[in-house]
Structure formats: structure tokens, C-alpha cells
Amino acid sequence: FQRIVLASRPHRSVLPENFRLETAAVPELKSGEVLVRNHYLSLDPYMRGRMSEAKSYAASQPLDETMIGGTAGEVVASNNPKFAVGDMVVGMMGWAEMGVDDGRNLRKVDTTHVPLSAYLGAVGMPGMTAWYGLNQIIAPKAGETVVVTAASGAVGSVVGQLAKQHGCRAVGIAGGPEKCAYVVDELGFDACVDYKAGNLKADLLAAAPNGIDGIFENVGGEVFDRALSQTNAFARIALCGLISGYNGEETPLRNARFLLTNRISLRGFIVTEHMEFWPQGLGELGMLVGTGKLKYRESVAPNLAAAPEAFIGLLQGRNFGKQLVKLI
Ligand code: NDP
């Protein structure tokens, strides 16, 4: 089977040569082990951090080993009584067509009402990130205004739709007219500001005329700065990501004084440190997707060899919705 390993660490921007496609042999299954054929691979911004050696909340990805990553696939052989051939599972098998796991990192999923790929998006880690940051940090009340950046993406799209269900005004910020139209017309946000249109200040004032009570921040830099300057007293900020700085760019905060004058609570979080909320959150998200009340969109790369370019595109905003790689 084929896999992609980290060949070298990126200096700033990620380049195709940082990856290497290899052929590996299917290992003999030991007692308790499960062989999974991956159908989908999830590409996520956090992988950029793992490619660096810099100290962070998680260990860095070793060179010459399979790139880390979430996967969804099918059990094709099992020496583990908890898993049967044909079970659909979500795991962390990395950028590879197949993988072996002792079962501890695998979760069986039901694809009757929720498509397998959604377990890597709206009903997976990104959806859970939205659920946690919105419900546990912003904790919005009906009538409040919630702003979310990278609004058309895997996390942002869920944030705004959940905010609407709380009775809030949901305002997205996204790059380009196509993404903004989708956020309003398909996802049902009240407004979406195109930060690339060059009129951010006036457009955000128009989109959030009553000020901002909650910011779900995925990007950082100028866009975050602008939203911060339009907060109301006692606004809450869920600091989820700073993607505009993942290649080493600075993400300055010029309007920090509003943190003080508006008595703002800001909390950064890592969703995998809050596993106790996952059963409840994933249950709710699965119900919403299964009943058509939570919409999502996917960008799908066609095969494993296309994964590096798709990942590079994700870090440049070329994806439109959850970025996946389809392996079967
Ligand atoms: P997305 O599907 O949202 O894709 C990333 C998007 O970021 C791009 O499509 C692009 O959208 C946007 N973006 C904005 N500014 C930039 C920029 N300067 N360079 C590149 N892209 C930019 O990804 P996810 O939904 O998976 O992740 C969203 C954020 O959530 C990320 O910051 C990620 O790190 C974070 N995250 C945090 C977690 C946590 O536990 N804290 C867990 C999961 C994700 P546009 O074209 O609209 O600009």
C-alpha cells in the first residue's frame, strides 16, 4: 500500500518536496490488532504545526514516518474481538491507504444516516471544535451577535449554524464573494463579510450593527483585530486558531485595549483536551447532520498522491469546506 512520509521540515511555506510518497508492505496482524483500509483522509491546519520542530502543545511529527492524520475507513481484517470485518471506523492512521491499530484509537461509526466522510468534518474533530468553543466558551444567548472567521470552513461553518440555533445573529468572515454567498445562502448565516474586498471596517460594522458579543477566532491578524474593536462589553472570545500565522507570519494585535475596556474574556483551547464533551457533542452534531439541519461542504482531493498539494492549498485558503483526500 502507499503512504506519505514527512521528508523534510518546511522553512516557511509548505512545499511538495517536504513530502515523499512511498510503498509499504502490509504488516502481519498481531493479537488484538485491526487492519483498516482508509476511505478518506482528513487534512487539517494543525498538521502544519506538527511539521515544525518548534515546541507546541503536541509533539512534532518525526521525519520519514507516515504523516499524522485522522482517517475514516473499513476494517478489512481483525484479531480484535471488538472489531469485525466490514465495520466502519474513524481513526488516526495518517496519510496512508491502510493502517494497523490495536483498536484503542479506533471508533466505530454508523453510516446509516451520516456519510462516512462527515465523521472527519461536521460530526468529527472540526465539528466538535465548533461545538466546544461556541457552547463552552462563548456560551451565546439568544439575540447576541456571534462573529466567526474562516466561516465557510470545516469549523467555521458549524459555528455559525449552531449560533443560529441558539437564536443569535451569526456573522461570518470569509475570503471572496463565492465563499460569502455560500455562507449566507446555503448555511443560513445572517451576513458574511468578504475580508478580501478591502472594506473590512465598514462591512463588519454593517454586518454587526449591534456590536459583537462573541468571536470565534480561527485566523488572527488584521481580521481579528477589526472584530475586537467592535466588541460589546463582556464579549467572549474563543481563540481556536491563528491560521494567518501558521507559516511564521506575525499576527499582531493592535486593538488589545478593547480586551480591557470591554472587559472581555478570551480563552484559547485545544479540542482534544476536552474529550469528556465529545460523546454529547458528537451525538448532537450527528443528529443535526442526519436530519439535514446542519449543512457542510467538502473539497475532495482524488487520491493519496494529491494530498500534499491539497494540504498546501488548505493553508492558502484554496479549499472550500472540509478538505479531504478520497482514497477509495
Ligand atoms: P478551514 O476548512 O477553515 O480551512 C482553512 C481556511 O482558513 C481557509 O479556507 C481560509 O478561508 C482561511 N484563512 C483565513 N486567512 C487565511 C490565511 N491568511 N491563510 C490561509 N488561510 C486563511 O479549516 P478548519 O476548519 O479545519 O480550521 C479552522 C481553524 O480552526 C484553523 O485555524 C485551525 O487551526 C483551527 N482548529 C483548532 C482546533 C483547536 O482545538 N483549537 C481544532 C481544529 C481546528 P478563507 O478563504 O475564507 O480565508
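**Figure 1. Buried residues and overall build of the protein chain.** Buried residues account for 45% of the 328 residues in the protein chain. Do keep in mind that this is a predicted model. The protein chain holds nine helices and 15 strands, and its C-alpha trace spans about 60 × 45 × 35 Å along the principal axes. A compact globule of 328 residues would have a radius of gyration near 20 Å, and the protein chain agrees, with 20 Å. Looking at contacts between residues at least 6 apart in sequence, 65% join residues at least 24 apart.

**Figure 2. A visit to the largest nonpolar core.** This core has 94 residues, of which Leu-134, Val-147, Val-159, Phe-216, Ala-307 and Val-325 touch the most other members. Helix H2 (residues 125-138) is the top contributor, giving eight residues. Domain 1 (2-121 + 296-326) and domain 2 (125-272) both supply residues, so the core lies between them.

**Figure 3. Close-up of Ala-307 and its contacts.** Setting aside neighbours within four places in sequence, Ala-307 is in contact with Ile-4, Leu-41, Leu-43, Trp-95, Ala-301 and Val-325. Both Ala-307 and Val-325 are among the core residues that touch the most other members.

**Figure 4. Where the two domains meet.** The protein chain is divided into domain 1 (2-121 + 296-326) and domain 2 (125-272), whose C-alpha centres lie 28 Å apart. Here, 14 residues of domain 1 are in contact with 15 residues of domain 2. On the domain 1 side that touches domain 2, you will find five nonpolar, six polar and three charged residues.

How values were computed:
Residues are numbered from 1 along each chain as its sequence is written. This is a predicted model: local features need pLDDT of at least 70, side-chain atom pairs count only at pLDDT 80 or more; totals for chains, interfaces and linings use all residues. Helices (H or I, at least four residues) and strands (E, at least two) are DSSP runs, numbered from the N terminus. The radius of gyration is taken over C-alpha atoms; the globule rule is 2.2 Å times the number of residues to the power 0.38. A residue is buried if 20 or more other C-beta atoms lie within 10 Å of its own, exposed if 12 or fewer, and partly exposed in between; C-beta atoms are placed from the backbone. Two residues are in contact if their C-beta atoms, placed from the backbone, lie within 7 Å. A nonpolar core is a set of buried Ala, Val, Leu, Ile, Met, Phe, Trp, Tyr and Cys residues joined through C-beta atoms within 7 Å. Domain bounds come from an automatic or database domain assignment. Ala, Val, Leu, Ile, Met, Phe, Trp, Tyr, Cys and Pro count as nonpolar, Asp, Glu, Lys and Arg as charged, and the others, Gly among them, as polar.
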